[in-house]
Amino acid sequence: MATGRLGVGETLGALNTALGPGDPVWFKETRARHLRARDFLAPRPALQARFGDGQVPERVVRAVAGLQGPGVAPVLRCAPTPAGLALQLQRPAVFERVLGAVAAYVAPAAPAAPGPRVLLHCPALRGAPGALRLSQLRAVLVADHLARALRAHGASVRLVPAVRDPHMPTFLQQLHVDWPAASERAATEALRSLALAELSPARDGEALPPGVLGTVCLKEVMQERGRAGGYDPNLDKCLVTEDLLCALAELQEAVRHGPGDGPPGLAAAPDADAGSCMVVHVVSCEEEFQQQKLDLLWWKLDEQAPLTQKHLVCGPVKAAGAPGALTAPEYYDLRHAQVCKASAQKRGRELARDPAWMEVVRVLSVATIKFEMLSTAPQSQLLLALAGGSISTKGTKSGTFVMYNCARLATLFEGYKHSTEQGRYPTFPPVSSLNFSLLQDEGEWLLLFNGVLPFPDVLSQTAALACAAPGLHTTARTETMCKFLVQLSMDFSSYYNRIHILGVSTQQRGGCLQGCKGSKGRDQQAPSLLQEPRPHLFGQMFARLQLLRAVREVLHAGLAMLGLPPLNHI
């Protein structure tokens, strides 16, 4: 069996190189109707721009058809079509390469050197849970998801602020958000002295409010960094308070403390300093103006402040159907009550009171919230539909739908294990002995080509921060994982509803189901299959099981990036 992880990016890069100099032309197909005939396409308009008359030279076609290289998927054929230059892969070989090394596709490649130092700052966490607006909750969930993705790619991530409100850790734990806590405020003596030296004199007879030290002029810093960097031109003065200095002191201490919690086995770079640390402020749109003041004040008071500070601004959250402005705990309670209601209707009120089942309900509630909050690009406005009294697993865009299909996979493998113990099926053979040419259903290729194979690229996209570009603001694609998991669940659900995984279809068995009426579950229908040796039928079953093992591993890895545990039943 060939080794080495195949990659969509590597294959596209090799395809574009084979066409010669110019902009990228090839793209990967994703729709089922197109995948029946091709896997990659170079569109005719792009080829006409590249080759004039649109006729690709024969030598180029031959070069594409014979493409090889590290990470490049094996090519079956390449031919001109009315749509453009179409390429199809050697699908059995791709199945074999991917399903023979599933672990290589469910996680990024291990970094060979320490990754970047990133400080993620979410100012919304300085208060109490009851003060969290929905837009601030969105910023918290974006920051948590981004931290997990960055760590998976080898970055050393430090999270600020450490929460001090006694109720906040419990609320974050309820949401499966991993964030540090602290009981003491950061020391502000040094910053206080620097700030007092910069304070503008108060007007005669003017009394300052409690906790306010005075005003600092930010005009010089604005002229140096502000307008070109994208800061608000109305920023001029900053009211310096004890709370502001405390926030600044904690940021300062986090940067100087060194790297955060990166992957195990990688030591920090010995020459790490504040200049090598990238600070990303994940803020709601309502908090951005105040955060810009804090940035400029930091540069004014601290010569060693990080050179790279970026703002990831989360758009507003509008709640349609809400009686008023919901707080984050009220939003959680609403979704939890709706999931409980749906659970009681489906399973009965007695089961809904079971402690183990209530834990499932809590996970479903959090999944509902996270998929709602994270399925839209963080920079865009988010509209929550809160009207209606229940949550359904049938809605294909919801977190409950993803968790439902995760549980279906768990039930499938539990059913296989149970049937094997009872002697209904043989034990699973070595993966190297499986015949993946038996995977011929279009749904099987859809699961592999759109689900398992591109998952490393999805992880990379989730961890990508556009911080190299000039300016104050950065963007992140934290919506990528939710959309990917929803589409993968839809593809799996469609496939699972059509195909009998355990055993074979009625037509293939030729009536051998007559003795199976007492079996339980749609995939536990063949207690007598071992009585008639049918190795080719078992071969197809095992190949399908290995494919769905890979799908399950991808689902679990994707949910882990959202801080969600997989469910074994629902």
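This report describes the overall make-up of a predicted model and then selected local features.

**Overall make-up**

The chain comprises 570 residues, of which 51% count as buried. Its secondary structure consists of 20 helices and 13 strands. When contacts between residues at least 6 apart in sequence are considered, 78% of them join residues at least 24 apart. The chain exposes about 25,700 Å², and carbon and sulfur atoms supply 53% of that area.

**Cysteines**

How many disulfides does a search of the whole structure find? The search finds zero. A disulfide is a covalent bond between the sulfur atoms of two cysteines. For Cys122, the closest cysteine sulfur belongs to Cys314 and lies 7.8 Å away; because a disulfide requires the two sulfur atoms to be within 2.5 Å, this separation is too far for a bond. Cys122 is also buried, at a relative accessible area of 0%. Cys406 likewise counts as buried, with 1% relative accessibility.

| Residue | Relative accessible area | Class |
|---|---|---|
| Cys122 | 0% | buried |
| Cys406 | 1% | buried |
| Asp302 | 6% | buried |

**The loop residue Asp302**

Asp302 is placed in the loop between α11 (288–301) and β11 (308–314). A polar atom of the Asp302 side chain lies 2.9 Å from the backbone nitrogen of Gln304. Beyond its neighbours within four places in sequence, Asp302 is in contact with Gln252 and Arg256.

**Helix α18**

Helix α18 covers residues 479–498, a run of 20 residues.

**The β3–β4 hairpin**

Strand β3 (residues 75–81) pairs with strand β4 (residues 84–89) in the antiparallel sense, over six bridges. The two strands are joined by a hairpin through two residues. Within this pairing, Pro80 stands opposite Leu85 in β4. In a regular strand the side chains alternate between the two faces of the sheet.

Technical notes. Residues numbered from 1 in each chain as written. Predicted model: local features only at pLDDT ≥ 70, side-chain atom pairs only at ≥ 80, totals over all residues. Heavy atoms only, no water. Helix = DSSP H or I, 4+ residues; strand = E, 2+ residues; numbered from the N terminus. Buried < 20%, exposed > 50% of the residue type's maximum accessible area, 1.4 Å probe, protein only. Contact = heavy atoms within 4.5 Å. Areas by Shrake-Rupley, 256 points an atom, 1.4 Å probe, with all protein chains shown as cover. Expected span 1.5 Å × (residues − 1). Polar contact = N/O pair within 3.5 Å; in protein donor to acceptor, adjacent residues only side chain to side chain. Pairing = 2+ DSSP bridges.
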